[in-house]
Amino acid sequence: MEILDGKKVSNDIKDEIAVEVQKMKERGEKVPHLAAVLVGNDGASLTYVGSKVRACERIGFESTLVKMPDTTSETELLAKIKELNEDDDIDGFIVQLPLPSQIDEQKILLAVHPDKDVDGFHPMNFGKMALEMPAFISATPFGILELLERYNVETKGKHTVVIGRSHIVGRPISILMGRKGSPGNSTVTLTHSHTKNIEQIIAQADIVISALGVPNFLKAEMVKENAVVIDVGITRVSDESNPKGYRIVGDVDFENVSKKASFITPVPGGVGPMTIAMLLKNTLLARERHRSNK
């Protein structure tokens, strides 16, 4: 069994991007600029955005954090997005989800210009990705592909079972794993809450990608010997023995499943760190595109 170490790979990617940024500086070029819009004071969102800002500092990107109160109206947020769309200094930006209830998330994501949509959530980027055209790929699926590639995990001709059909992870990774190319060329089954005989389907999988959000859902008896297991789930579970009062748990019963798997991602330290690394990679791609379009 080999651990797919997202922490290590994400650091490698950041180091590679930092080298590219240094070359840009030496050529006198503008470095990539990532902005994040945070509405309200959600604890998890604050932590996540903070880590993005620190990652930008580490690799030499410029970063801007736009904080707006949780009373912000949809109109006010749309005006801020318009401002960021039109600001040539900003290469890419994200609107941190979830948003307060008075704001329609769909409307907000549609308002982000596809060329600056480094989260890869805009329908235009999703559509281009599905058609195997150049596009910003949503950071978590992009991170999964990168992990598989860097550990030389064979996907061609394999049966991939994806658990969960969210627009952010499950659905895009199911499309990407079936695309032409590598990683890809696998036969994909997308399962969800209405799938009958889900255990039998999972038992046939060479590669299992679980993005369900149910702690310890995937048990050892559900996976076959030498399966590749990618755990996207991340849930806070109360734990009085932990100083924080909680611990982070994935969808996979790691202790037991790892005894059968050929490759497996840990939680934390697997897919999570990759998400931020690929967001930075998308921002670098955005800067390069903007430069070549001028």
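The model is predicted, so local features need pLDDT of at least 70 and side-chain atom pairs count only at pLDDT 80 or more, while totals for chains, interfaces and linings use all residues. Residues are numbered from 1 along each chain as its sequence is written, and side-chain values use heavy atoms, with hydrogens and water left out.

**Nonpolar cores**

- The largest nonpolar core has 50 residues, and Ile144, Ile209, Ile230 and Leu280 touch the most other members.
- A nonpolar core is a set of buried Ala, Val, Leu, Ile, Met, Phe, Trp, Tyr and Cys residues joined through side-chain atoms within 4.5 Å; buried means under 20% relative accessible area (1.4 Å probe, protein chains only).
- Helix H10 gives the most to this core, with 9 residues.
- A second, separate core of 17 residues includes Val161, Ala220, Val252 and Ile264.

**Around strand E7**

- Ile207 and Ile209 point one way from E7, Val208 and Ser210 point the other way, and all are buried.
- Helices (H or I, at least four residues) and strands (E, at least two) are DSSP runs, numbered from the N terminus.
- E7 pairs in the parallel sense over 4 bridges with E5 (residues 159–163), and also over 4 bridges in the parallel sense with E8; pairing takes at least two DSSP bridges between two strands.
- Ser210 stands opposite Ile163 and opposite Asp231 in E8.

**Charges over rings**

- The charged end of Arg236 sits over the ring of Tyr246, 4.4 Å from its centre, and Arg289 lies over the face of Phe136, at 4.3 Å from the ring centre.
- Such a charge has NZ of Lys or CZ of Arg within 6 Å of the ring centre and within 35 degrees of the ring normal.
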